[in-house]
Amino acid sequence: MRTICVPPARVSGATAWELTLVLLVVATLWSMAVPAFTRLRQNAALTAAANQMLLALHYARSLAITRGVAVGVCQSQDGARCAVAGASSVRFLVFINGDSDQPAQRDAGEELMRAYEIAPTLSLRGTRAAINYWPAPRAGTTTTFAFCDSRRAAAPRAVIVSQTGRPRLARTAADGGALACP
């Protein structure tokens, strides 16, 4: 009779040292990823808000020319009325400025075309609280709308409106200097 030797079964698993090493690597990668992801989210929110303002200004300019009326774009605290100059806000409005007041103020009975709200972690401040678009190729009002977050002047975005009414995106003020963040 012949005997067969069966090798002992090998137990697979991880030692405490191996588990500790894996946890250390995961913790290190996590600590590097979280700040980068936070910056990515902050930059995305700033870019989205600036793009939203750019869209609103193009819409207001087009609306003024096609309807033949003054159209106002203003910062707002409550989403219904325009904010005072120099105030920081998280909303802005596009409305038909029926009485063509300067600076544009949304009065009772003036049609609200669109209301926008930016992320609550951001703040919006303009060199003017409101601008008018006239039914002509010129806006008549220049301004810079600055969007800032908790990093303040480290990474702001801006929308600059030229005398002709053309808005553009920027990371600096119209003169090339730093943007003023609240």
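Is Phe-92 buried or exposed, and what is its relative accessible area? Phe-92 is buried, at 0% relative accessible area (buried means under 20%, exposed over 50%, partly exposed in between, with a 1.4 Å probe and protein chains only). The model is predicted: local features need pLDDT of at least 70, side-chain atom pairs count only at pLDDT 80 or more, and totals for chains, interfaces and linings use all residues. Residues are numbered from 1 along each chain as its sequence is written, and side-chain values use heavy atoms, with hydrogens and water left out.

**Aromatic pair**
- The whole structure holds one aromatic pair.
- Ring centres of Phe-92 and Tyr-116 lie 4.9 Å apart with planes at 15 degrees, so the pair is stacked.
- Rings of Phe, Tyr and Trp (its six-membered ring) pair if their centres lie within 6.5 Å; planes under 30 degrees apart count as stacked, over 60 as edge-to-face and the rest as tilted.
- Phe-92 sits in strand β2 (residues 91-96) and Tyr-116 in strand β3 (residues 112-117), so the pair links distant parts of the chain, 24 residues apart (strands are DSSP runs of E, at least two residues; helices are runs of H or I, at least four; both are numbered from the N terminus).
- Tyr-116 also counts as buried, at 9% relative accessibility.

**Sheet**
- Four strands form an open sheet in the order β3-β2-β1-β5, with antiparallel pairing (two strands pair if DSSP finds at least two bridges between them).
- β3 and β5 (130-133) are the edge strands, each with a single partner, so one side of each lacks a neighbour in the sheet.
- Twist averages 15 degrees from one strand to the next (axes are lines fitted to C-alpha atoms, and angles run from 0 to 180 degrees between N-to-C directions).
- β2 and β3 run antiparallel and are joined by five bridges.
- Val-94 has Arg-114 in β3 as its bridge partner.
- Arg-114 also lies over the face of Tyr-59, 3.8 Å from the ring centre (NZ of Lys or CZ of Arg must be within 6 Å of the ring centre and within 35 degrees of the ring normal).

**Helix α1**
- α1 (residues 16-67) has 52 residues and spans 74 Å from first to last C-alpha, close to the expected 76 Å (1.5 Å times one less than the number of residues).
- Buried residues in α1 include Gln-42, Leu-46, Met-53 and Leu-63.
- Gly-68 follows α1, with a positive phi near 75 degrees.

**Disulfide**
- Cys-74 and Cys-82 form a disulfide, with sulfur atoms 2.1 Å apart (the cut-off is within 2.5 Å).
- The S-S torsion is about -80 degrees, so the disulfide is left-handed.
- Cys-74 and Cys-82 are both buried.
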